[in-house]
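Below are some notes on the model you sent. They are set out as numbered points, from the overall fold down to single residues.

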Amino acid sequence: MQRLAKGSQKTTPFYYYVGSYQNIKGVNKKVYTVEKDSNNEPIVRFCNFSTYGGSEYENNGIYVVDDTANVTTWFDPSIKSGGAISLCDDQSGAIYEIMGEPENIEQRNQETTFKVRRYKGGA
């Protein structure tokens, strides 16, 4: 089967986090937990991670730059909207939440692409 041209290398390791809501002091707060294998070790996946400088917009007269990126990775049906990722080599521990629904490129179940935004709820 032919490989797609959108992302051929996929050399950036990342962890995938499952998103859920937890009631903390009467407020529903989004909580991310890392996906683990049967040995209770975090699952490492590989992707192409491209930031292109983030997204810029104006909100109530304030200039805002969101830390966003485009991710292309191997297809995995467990990667869904509402989840998040973090780069394994990132010393800051930043978590990026998935924006929208990940796209199954050409419906081939080979590669997935999605956009992420840096999670501001803590890292």
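1. The chain has nine strands and zero helices. Read from the N terminus, its elements therefore run β-β-β-β-β-β-β-β-β. Please keep in mind throughout that this is a predicted model.

2. Overall dimensions. Taken along the principal axes, the C-alpha atoms fill a box of roughly 50 × 40 × 30 Å. The accessible surface of the chain is about 7900 Å², and carbon and sulfur atoms account for 46% of that surface. Of the 123 residues in the chain, 33% are buried. Among contacts with a separation of 6 or more, 58% are between residues 24 or more positions apart.

3. The largest nonpolar core. This core has 14 residues, and Phe14, Phe49, Val71, Ile85, Phe114 and Val116 are those with the most contacts inside it. At least two residues of the core come from each of β1 (12-24), β3, β6 (68-74), β7 (84-87), β8 and β9. A second, separate core has five residues, including Tyr32, Ala84, Ile95 and Tyr119.

4. Aromatic pairs. The structure holds two of them. In one, the rings of tyrosine 32 and tyrosine 119 have centres 5.1 Å apart and planes at 90°, so this pair is edge-to-face. Tyrosine 32 belongs to strand β2 (residues 27-34) and tyrosine 119 to the segment after β9, so the pair ties together parts that are 87 residues apart in sequence. Both partners are buried: tyrosine 32 has a relative accessible area of 12%, and tyrosine 119 one of 16%.

5. The other pair consists of phenylalanine 49 and tyrosine 96, with ring centres 5.3 Å apart; the planes stand at 70°, so this pair is edge-to-face as well. Distant parts of the chain are linked here, since phenylalanine 49 is in strand β3 (residues 44-50) and tyrosine 96 in strand β8 (residues 96-104), 47 residues apart. Tyrosine 96 is buried at a relative accessible area of 6%. Phenylalanine 49, at 18% relative accessibility, also counts as buried, because the cut-off is under 20%.

6. Surroundings of phenylalanine 49. Not counting residues up to four places away in sequence, phenylalanine 49 touches Thr12, Ala69, Asn70, Val71, Ile85, Leu87, Tyr96 and Val116. Val71, Ile85 and Val116 are also among the residues with the most contacts inside the largest core.

7. Is lysine 10 buried or exposed? Lysine 10 is buried, with a relative accessible area of 4%, and lies in the segment before β1. What does its side chain meet in a polar contact? The side chain of lysine 10 is joined to that of glutamate 111 by a polar contact of 2.5 Å. The charged end of lysine 10 also sits over the ring of tryptophan 74, 4.3 Å from the ring centre. Leaving aside neighbours within four places in sequence, lysine 10 is in contact with Phe46, Cys47, Asn48, Thr72, Thr73, Trp74 and Glu111.

8. Threonine 112. This residue is found in strand β9 and is buried, with a relative accessible area of 4%. Aspartate 76 is 36 residues away along the chain, with 7.5 Å between the two C-alpha atoms.

9. Threonine 113. Strand β9 (residues 111-118) also holds threonine 113, which counts as buried at 14% relative accessibility. The side chain of threonine 113 reaches the backbone oxygen of valine 71 at 3.1 Å. Valine 71 is one of the residues with the most contacts inside the largest nonpolar core.

10. Backbone points to check by eye. Asparagine 60 is not a glycine, but has a positive phi of about 55°. Asparagine 60 is placed in the loop between β4 (55-59) and β5 (62-66) and counts as exposed at 75% relative accessibility. Glutamate 106 likewise has a positive phi, near 55°. Glutamate 106 is in the loop between β8 and β9, and at 53% relative accessibility this residue counts as exposed, because the cut-off is over 50%.

Notes. Residues are numbered from 1 along each chain as its sequence is written. This is a predicted model: local features need pLDDT of at least 70, side-chain atom pairs count only at pLDDT 80 or more; totals for chains, interfaces and linings use all residues. Side-chain values use heavy atoms; hydrogens and water are left out. Buried means under 20% relative accessible area, exposed over 50%, partly exposed in between (1.4 Å probe, protein chains only). A polar contact is a pair of N or O atoms within 3.5 Å; within protein, one must be able to donate a hydrogen and the other to accept it, and residues adjacent in sequence count only if both atoms are side-chain atoms. Rings of Phe, Tyr and Trp (its six-membered ring) pair if their centres lie within 6.5 Å; planes under 30 degrees apart count as stacked, over 60 as edge-to-face and the rest as tilted. A charge sits over a ring if NZ of Lys or CZ of Arg is within 6 Å of the ring centre and within 35 degrees of the ring normal. A nonpolar core is a set of buried Ala, Val, Leu, Ile, Met, Phe, Trp, Tyr and Cys residues joined through side-chain atoms within 4.5 Å. Contact means heavy atoms within 4.5 Å. Accessible areas come from the Shrake-Rupley method with a 1.4 Å probe; for residues, only the protein chains shown count as cover.
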